[in-house]
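Please examine the sequence and the structure shown here.

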Amino acid sequence: MAPRPKTQKMGEPKQTLLQKSPNTDIAKRVKKEPKQPTSKQTPTAYPSTDRANKSPRLSRLEEKNSLISLNNRLAAIIERNHQLELENSQLTIQIETAEEALKVTKNTIKVSIEKQNQEIKKQLLDAKNQMAEIAVNADNSKNALDDANGK
């Protein structure tokens with residue numbers, strides 16, 4: 001197994017794969033010097049402090065602001081959820097109270113209707129009995145009239 005190549009440290013000249021191999025004579029003779037940056041380029045080994053510091057700071061600041069915003073949104077959602085749970089429990093209590101009142105009212109009405117139904121049945125029975133008495137009296141009167149006319 002071949003030895004692992006060393007990672008390049010800042011400021012060290014870049015080496016090719018051929019140069020990293022310890023078994024070649026070329027690796028001993030050839031050393032590649034780092035390119036000198038032109039005036040338009042920034043050196044890779046020594047980045048500009050403005051660009052290097054502002055970009056991560058801006059992204060970190062943006063990330064921080066994003067996290068703050070998301071945290072505030074989450075807090076608002078949790079608060080709204082808490083409010084809705086409280087409102088839900090209050091509405092549940094109101095529904096249970098209304099259902100209980102409705103049940104009591106239904107039972108009261110049911111008892112009242114049953115009472116009226118019993119009274120009406122009794123009146124109907126009394127009316128039938130009176131009709132029967134009247135029919136008997138009418139038959140007796142008719143028989144008496146027939147007896148009086150026939151004699």
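**Burial and surface**

Buried residues (under 20% relative accessible area, with exposed meaning over 50% and partly exposed in between; 1.4 Å probe, protein chains only) make up 1% of the 151 residues in the protein. This is a predicted model, in which local features need pLDDT of at least 70, side-chain atom pairs count only at pLDDT 80 or more, and totals for chains, interfaces and linings use all residues. Residues are numbered from 1 along each chain as its sequence is written, and side-chain values use heavy atoms, leaving out hydrogens and water.

**Fold**

- The protein contains three helices and zero strands (DSSP runs: H or I of at least four residues for helices, E of at least two for strands, numbered from the N terminus).
- From the N terminus on, the order of the elements is α-α-α.

**Confidence**

- The mean pLDDT (the predictor's confidence in each residue, from 0 to 100) of the protein is 78, and 64% of its residues reach 70 or more.
- Where pLDDT is low, the predicted coordinates should not be read in detail.
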